[in-house]
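Please look over the sequence and the model shown here before reading on.

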Amino acid sequence: MESSFSFDQFGLSPKVIRAIRDMGFEEPTPIQTSAIPAILAGRDITGQAQTGTGKTAAFGIPALERLDARTRKTQVLILSPTRELAIQTSEEIARLATHLPHTTVLPVYGGQPIERQLRALHAGVMIVVGTPGRLLDHLRRGTLDLTAVTFVVLDEADRMLDMGFLPDIETILKRTPQSRQTVLFSATMPEPIRAISRR
């Protein structure tokens with residue numbers, strides 16, 4: 001029997017549904033079907049998902065639904081292992097936010113002049129997608145304020161662990177409110193990743 005599950009069943013806002021249709025997504029992937037309702041309900045989740053399974057939309061859609069449009073403070077923080085993934089993730093979330101005016105998304109990563117990032121952060125960015133090293137750099141400079149963050153995503157957590165980012169991730173998480181919602185996605189679930197997710 002063919003699945004007839006649709007994005008409409010998540011109770012999403014019409015503007016987000018319109019962007020999903022514009023992007024040509026017809027029905028949710030298994031990870032989206034599992035993750036979106038749980039995230040919208042405010043639960044912390046750990047998801048096992050490979051690249052290409054639609055996981056960016058699985059956390060990007062609820063992230064957009066949870067934003068408070070009245071403030072330009074950083075409310076969503078997404079940690080990515082590489083510059084390429086940070087750019088790709090921020091581009092996909094920006095496409096999902098096409099019909100949400102005033103929603104700002106910024107990738108922050110090394111190897112790019114920091115001045116552009118400083119100007120954007122100073123103006124106010126709601127969703128920051130960054131690599132741990134550059135996020136720490138902004139925290140040390142006082143140019144990134146995480147006190148209003150309500151939602152944190154650790155994307156490809158196993159790759160970040162392999163790259164030695166665990167201490168950086170823990171430092172960054174300490175700068176976010178304890179009341180935040182945390183979502184972790186990983187292609188594999190080694191014990192250190194399970195330990196982070198339990199914490």
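## Charge

In the protein, the 23 positive and 21 negative charges have mean positions that lie 7 Å apart, where Lys and Arg count as positive and Asp and Glu as negative, with His and the chain ends not counted, and where each charge is placed at NZ of Lys, CZ of Arg, CG of Asp or CD of Glu.

## Basis of the model

This is a predicted model, in which local features need pLDDT of at least 70 and side-chain atom pairs count only at pLDDT 80 or more, while totals for chains, interfaces and linings use all residues. Residues are numbered from 1 along each chain as its sequence is written, and side-chain values use heavy atoms, with hydrogens and water left out.

## Overall form

The radius of gyration of the protein, taken over C-alpha atoms, is 16 Å, which agrees with the value near 16 Å that a compact globule of 199 residues would have, by the rule of 2.2 Å times the number of residues to the power 0.38. Along the principal axes, the C-alpha trace spans about 55 × 40 × 30 Å.

Of the 199 residues, 50% count as buried, meaning under 20% relative accessible area with a 1.4 Å probe, protein chains only.

## Interior

Leaving aside residues up to four places away in sequence, F185 touches several residues, including I31, F59 and L154, where contact means heavy atoms within 4.5 Å.
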